[in-house]
2 protein chains.
Amino acid sequence: MKNDILISKIEDLGLSAAEGYKTAGISGGIKNCKKDLAILYSEYDTAAAGVFTQNIVQAAPVHLCRAHLSNPIRAIVINSGNANACTGDQGRKDASLMAEKTAAALGIKSGQVMVCSTGVIGVPLPIDKVTAGIDKISSLLGRGASKDLDSATAIMTTDTTVKRSAYRVVLPSGLEFKIGGMAKGSGMICPNMATMLAFLTTDVKIERTLLQSIFAEAADASFNSITVDGDTSTNDTALLLANGASGIEIHAGSPLLPYFKDVLNRVCCDLALQIVRDGEGITKLLKLTISRAQDREGARVMARSILNSPLVKTAFYGEDANWGRIIAALGYAGVDFDPEKVDIFIGPYQVAKNGGAVPFSESAMKVYLAGHDLDIFITLNQGLAEVTSWGTDLSHEYININSNYRT
Amino acid sequence: MKNDILISKIEDLGLSAAEGYKTAGISGGIKNCKKDLAILYSEYDTAAAGVFTQNIVQAAPVHLCRAHLSNPIRAIVINSGNANACTGDQGRKDASLMAEKTAAALGIKSGQVMVCSTGVIGVPLPIDKVTAGIDKISSLLGRGASKDLDSATAIMTTDTTVKRSAYRVVLPSGLEFKIGGMAKGSGMICPNMATMLAFLTTDVKIERTLLQSIFAEAADASFNSITVDGDTSTNDTALLLANGASGIEIHAGSPLLPYFKDVLNRVCCDLALQIVRDGEGITKLLKLTISRAQDREGARVMARSILNSPLVKTAFYGEDANWGRIIAALGYAGVDFDPEKVDIFIGPYQVAKNGGAVPFSESAMKVYLAGHDLDIFITLNQGLAEVTSWGTDLSHEYININSNYRT
């Protein structure tokens, strides 16, 4: 069967690649003349899965999404320019009103609408502009590259690139299903702080709790495995809708399940890497693999410790193979391991063995570190778990972007 | 009694302020022509207390110090220029040899010697230079400002200032005791990463386990309450020796105990603040107080989360009163609290109340943020615990220092 299933990337499509979805993105006047409001609409009821920020400070729309998650979702409304975070009761009312207005415009129930916001925090949403935009946008819904570009543009904040991804899976029967999506985030920053948002759609039919467990796993290996500056926003949200429009059903024992997981992972990783590549001030993309760890959870904590270390990040910015900073960040992650079993490679070159120095060619390393995409490979030699995470260096430009926002 | 006890700062003295201690610092050739080797010697057996790095990767001298801690310590030998970290069996042998050579030179036992190293990691110690230096230095031991300056200079790495502090406590009887010390650290960085080291001496007589508990508490409120970049080194060590030379004995029920604690706190905070003020690339000293927290441990974790946030640090570098970044960093610290009870002040100005925005004068704030020493005050309004921590901003100069080390 494997040889007869064709998986292919679809260029230029995102949210509306899968059947039964329409989208639109417009300028609603929240930001100055830029697109700032997007709607996703499904012609059919969907099963929805979601992962949300672990920050204790959660914006009003995050609370709304959690509450609506088990409903048969039909639409997502998203604004940029204002995060509706730290806005108290008014914020909760505004998020509910966004759901109600979207439902009214689309002829669905407000419990079938998800709401997401990103942008400045602590400032009340300009709700009149938002609701006026919702009234206008509903008549613009459609499919195709241009519509997907509009909505992917409308959710950007400090992003410098639009982020979309879509894949098609054709079965031997000729039937096909698709998974597509869009994302934003480029540091967890702007205006006052920003947010990672990701929205995915598929046209398979799948039971909600199964979808949730698959999506949580895919998000762990993608959106939760990237870091720009370690700051987790109040609004981080990733949502996946499945509407069954392809006529293909996937269940727990289905032979198609591994393919669905595989393609979902591809779309999630594709979007996650687009976010890192657009990381604020990035001059190096760091791909870190920690192998032979005791367990994945511990390895993930270690990877985050290394990729968030200002000393590791500035060393790579300076093109310095400073493995001492790497092993030190490994050591303060709070996970137990034996330092004298650790091997470290930077690109093809081993720099540490059994926790101690290994001679390497400084000139060859210099050439390698001058590249943009760099690999760090750490073998703990104490278990069988492996994780891969992605991060960025820490550059002068990062400081420029984040210190000069308001002044 | 309180009015008759006089506490005063002693200028220009450090390690040898207290009676019965001698010190010296020389250039042993580990670093290029700079002072790099220091010895502290006590004429009497001491009770020793110590706090050490929580990093799982611990340098050989840290292991030696832990093993010797309960012995009647007589000397500490310290080198800069090489951390003797990630150096395996050879590193352990070298640390032991440093203790043995120091003991032989001073006529004491090797178990009575503590060893500390700071500098480049993963490179074997130039042990011949170190031992030759020890032979030479033992005849130079003495007391006074010049000797204390020599040893405080010899432990510097990227430090730009010498760090010493000493206090005298005169009792109504005319008897007096002293506490003094020196420290180094200016980021946890250089050469490959550096280290916070602190050495304190006192001439009171005090039982070892009591001294350890008092010192651990003082270190928590000082050395463990500062952060420059959140990177914990493999060599961080703070040691306190008490030799009884003043003739004053302090025990658990002693009326002098609160005074001893108070002065020890002053010396520790004085040294800790000197370290932060010399933080790499610092343009702002941030003093953060979190009050009305449920417990001190949680509040400390929250404070660290805020002071290590690149977004908070770059905002202060940019002189931007960005309380959204502060509350977000509070939220992802992993400690439970109610965001809608949080009040935040920057300097004298309230910027958030009940987790939401409060209007403040941008022009007055601009003037305040142009200063060097800035206060952030957060009231959680959910308990009675309070902690104060100190940190730095994140500047272009930090990136310069840490990205350009080897190139």
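Between which two strands of chain A is the loop that holds Cys33(A) found? The first legend below takes up this point, and the model shown throughout is a predicted one.

**View 1. Cys33(A) and its loop.**
Cys33(A) sits in the loop that runs between β2 (21-26) and β3 (37-52) of chain A. Although Cys33(A) is not a glycine, its phi is positive, at about 70°. Cys33(A) counts as exposed because it has 7 C-beta neighbours inside 10 Å.

**View 2. Asn84(B) and its loop.**
In chain B, the loop between β4 (73-82) and α2 (88-106) contains Asn84(B). This residue, which is not a glycine, has a positive phi of about 45°. Is Asn84(B) buried or exposed? Asn84(B) counts as buried, because 31 C-beta neighbours lie inside 10 Å.

**View 3. The fold of chain A.**
Chain A contains 11 helices and 17 strands. Its radius of gyration is 22 Å, close to the 22 Å that the globule rule gives for 407 residues, so chain A is as compact as a globular protein of that length. Along the principal axes, the C-alpha atoms of chain A fill a box of roughly 70 × 60 × 35 Å. Buried residues make up 59% of the 407 residues of chain A. Of the contacts in chain A that link residues at least 6 apart in sequence, 79% join residues at least 24 apart.

**View 4. An open sheet of chain A.**
In chain A, 6 strands are arranged as an open sheet with mixed pairing, in the order β15-β14-β13-β16-β12-β17. The edges are formed by β15 (356-357) and β17 (385-392) of chain A, each of which pairs on one side only. Strands of a sheet pair through backbone hydrogen bonds, in either a parallel or an antiparallel manner. For strand β12 (residues 285-293) of chain A and β17(A), the sense is antiparallel, and the pairing extends over 7 bridges. Within this pairing, Leu285(A) has Thr392(A) in β17(A) as its bridge partner.

**View 5. The contact between chains A and B.**
Chain A contributes 57 residues to the contact, and chain B contributes 56 residues. On the side of chain A that touches chain B, at least two residues each come from α8 (310-317), α9 (323-331), β15 and α11 (396-403) of chain A. Which element gives the most to this side of chain A? That element is α9(A), with 8 residues. By residue type, the side of chain A that touches chain B divides into 24 nonpolar, 25 polar and 8 charged residues.

**View 6. The relation between the two chains.**
Chain A is superposed on chain B by a rotation of 180° with 0.0 Å of shift along the axis, giving an RMSD of 0.0 Å. This is the relation of a two-fold axis. The same surface serves both copies, since 98% of the contact residues of chain A recur in chain B. Among the residues of chain A, His396(A) comes closest to the rotation axis, with its C-alpha at 2.9 Å.

**View 7. Confidence of the prediction.**
The mean pLDDT of chain A is 92, and 96% of its residues reach 70 or more. Over residues 188-194 of chain A, however, the pLDDT is below 50. In the model, this stretch has 40 contacts beyond near neighbours in sequence. For the complex, the predictor gives an ipTM of 0.82 and a pTM of 0.87.

Notes: Residues are numbered from 1 along each chain as its sequence is written. Chains are lettered from A and ligands numbered from 1 in the order in which they are written. This is a predicted model: local features need pLDDT of at least 70, side-chain atom pairs count only at pLDDT 80 or more; totals for chains, interfaces and linings use all residues. Copies are superposed by least squares on the C-alpha atoms of residues with pLDDT of at least 70 in both. Two residues are in contact if their C-beta atoms, placed from the backbone, lie within 7 Å. Helices (H or I, at least four residues) and strands (E, at least two) are DSSP runs, numbered from the N terminus. The radius of gyration is taken over C-alpha atoms; the globule rule is 2.2 Å times the number of residues to the power 0.38. A residue is buried if 20 or more other C-beta atoms lie within 10 Å of its own, exposed if 12 or fewer, and partly exposed in between; C-beta atoms are placed from the backbone. Two strands pair if DSSP finds at least two bridges between them. Ala, Val, Leu, Ile, Met, Phe, Trp, Tyr, Cys and Pro count as nonpolar, Asp, Glu, Lys and Arg as charged, and the others, Gly among them, as polar. pLDDT is the predictor's confidence in each residue, from 0 to 100.
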